[in-house]
Amino acid sequence: MFVPKKLRSDPDERGHFGIFGGRFVPETLMPTLLELESFYLTIRFDEDFWEEAHELLHRYVGRPSLLYFAQNLSEELGARIYLKREDLNHTGSHKINNVLLQALIAKHMGKKRIIAETGAGQHGVATATIAAFLGLECEIFMGAKDMQRQELNVFRMQLLGAKVHAATSGSQTLKDAMNEAIRDWVSRARDTFYLIGTVAGPHPYPMMVRDFQSIIGYEARQQILHAEGRLPDIVCACVGGGSNAAGLFAHFLDDKAVQCIGIEAGGQGKDAGAASLKYGSVGILHGQMSYYLQTDEGQIEEAQCISAGLDYPGIGPEHAYWFSQKLVHYDTISDNEALEAFVWLSQKEGIIPALESSHALAYIYKNRATIHDKVVIICLSGRGDKDVAQVKGHLSEEN
Ligand SMILES: *Cc1c(COP(=O)(O)O)cnc(C)c1O
């Protein structure tokens with residue numbers, strides 16, 4: 001049965017991964033974070049909790065997800081390519097793993113109301129889904145501009161019974177929604193659980209969310225040992241905040257023979273995309289120290305790339321640490337390369353990937369000359385149905 005694993009890079013008691021991470025929050029939030037941390041530490045390795053979690057992950061999410069041998073890709077690339085099929089989860093991505101487990105913790109802590117921020121709406125929809133399933137009150141904070149751009153996801157959340165609040169400050173996008181959510185949390189911490197969507201935020205969130213998503217790596221490790229009788233040479237995942245990547249890497253980081261590769265969205269042309277490690281610098285936002293896209297004066301810049309789910313201008317602090325220690329190799333993929341990989345997987349395997357996941361696929365495709373005969377696992381973090389209209393727009397623009 002899945003139980004999280006202590007990593008060598010686990011943070012210290014104050015949530016530091018090297019110089020990164022921490023707990024940079026208003027004083028009024030400290031008791032709430034300490035309450036969450038001490039609760040989490042009581043269940044982190046608790047068999048009863050994980051038995052209940054295991055049952056829900058199986059019955060509601062549909063886990064374990066397949067480790068799919070992509071025969072057509074493998075033949076084309078002369079390697080052995082496996083896809084970890086998080087796209088087959090209920091609601092179509094890995095996000096549901098984290099959301100279900102945080103909501104379960106909220107329930108055990110006696111919190112009746114969950115709040116979340118959302119950018120394009122994917123984390124908001126996952127949160128509203130689980131709130132309906134577990135009978136919790138749910139309120140979502142979303143940038144006013146994002147609400148216009150993602151009308152259908154706003155409707156989905158409302159349909160699922162959630163209330164959606166427009167964040168009207170700043171650029172009216174994800175970082176503003178996060179600020180509003182934190183403000184709400186400060187005022188109602190007693191009955192409210194703040195459900196963060198990736199491996200970011202103040203301690204203990206980055207560690208906790210990585211633990212939750214590490215079910216991806218836990219399963220993939222067993223599955224590849226069963227299929228190949230050995231560990232993979234490469235595991236590769238896209239990085240927005242970094243949760244699907246951290247979850248996959250968690251069970252391979254200690255193996256020197258396995259190379260972990262994280263792919264940021266490089267955007268297109270001269271802008272920095274959402275590549276916080278490549279183009280960003282160290283700063284503090286949303287309760288943590290990490291890498292951010294920011295101006296010389298420390299103003300956070302809006303991320304610009306083709307996939308909404310990678311559009312966070314920062315990255316989780318554990319990734320910043322892995323990057324600084326060279327434990328994981330990071331690279332970027334451009335919008336056009338991701339689009340090509342989107343079409344490539346669709347036509348080669350009959351699987352339409354999320355644009356986010358297409359970044360990881362594109363990296364393997366681009367580096368095909370170096371992966372001969374290697375065993376590769378790519379995290380297919382989500383399905384691409386949500387992206388089809390957008391891709392159609394881009395492809396007709398090109399012609
Ligand atoms: C949200 C999302 C991502 C990016 O989030 P991470 O925390 O970096 O995993 C990647 N893929 C899909 C399908 C997503 O919905």
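Buried means under 20% relative accessible area, exposed over 50%, and partly exposed in between, with a 1.4 Å probe and protein chains only. The model is predicted: local features need pLDDT of at least 70, side-chain atom pairs count only at pLDDT 80 or more, and totals for chains, interfaces and linings use all residues. Residues are numbered from 1 along each chain as its sequence is written, and side-chain values use heavy atoms, with hydrogens and water left out.

**View 1. Gly247 in helix α11.** Gly247 sits in helix α11, residues 243-249. Helices (H or I, at least four residues) and strands (E, at least two) are DSSP runs, numbered from the N terminus. Gly247 has 0% relative accessibility, so this residue counts as buried. Leaving out residues up to four places away in sequence, Gly247 touches Arg210, Gln213, Ser214, Ile216 and Gly217; contact means heavy atoms within 4.5 Å. Ala237 is 10 residues from Gly247 in sequence, and their C-alpha atoms are 9.6 Å apart.

**View 2. The open sheet of four strands.** The strand order is β7-β6-β5-β8, with parallel pairing. Two strands pair if DSSP finds at least two bridges between them. β7 (163-167) and β8 (192-194) are the edge strands; each has a single partner, so one side of each lacks a neighbour in the sheet. From one strand to the next, the twist averages 25°. Axes are lines fitted to C-alpha atoms, for helices over the stretch in contact, and angles run from 0 to 180 degrees between N-to-C directions.

**View 3. β6, β7 and helix α8.** β6 (residues 137-143) and β7 run parallel, joined by five bridges. Met142 has Ala166 of β7 as its bridge partner. Helix α8 (residues 174-188) packs on the sheet and touches β5 (113-118), β6, β7 and β8. The direction of α8 makes about 160° with that of β5.

**View 4. The largest cavity.** On a 1 Å grid over the protein atoms alone, a cavity is a set of points where a 1.4 Å probe fits but cannot get out; lining residues have an atom within 4 Å of a point. The whole structure holds one cavity of 30 Å³ or more. The largest cavity has a volume of about 50 Å³. Grid points are joined across faces, edges and corners, and a volume is the space filled by probe spheres set on the points. Its lining includes Glu35, Lys111, Trp185 and Tyr205. Elements giving two or more residues to this lining are α1 (30-43) and β8.

Terms used: On a 1 Å grid over the protein atoms alone, a cavity is a set of points where a 1.4 Å probe fits but cannot get out, and a pocket is an open set with protein on both sides within 12 Å along at least five of seven lines; lining residues have an atom within 4 Å of a point.
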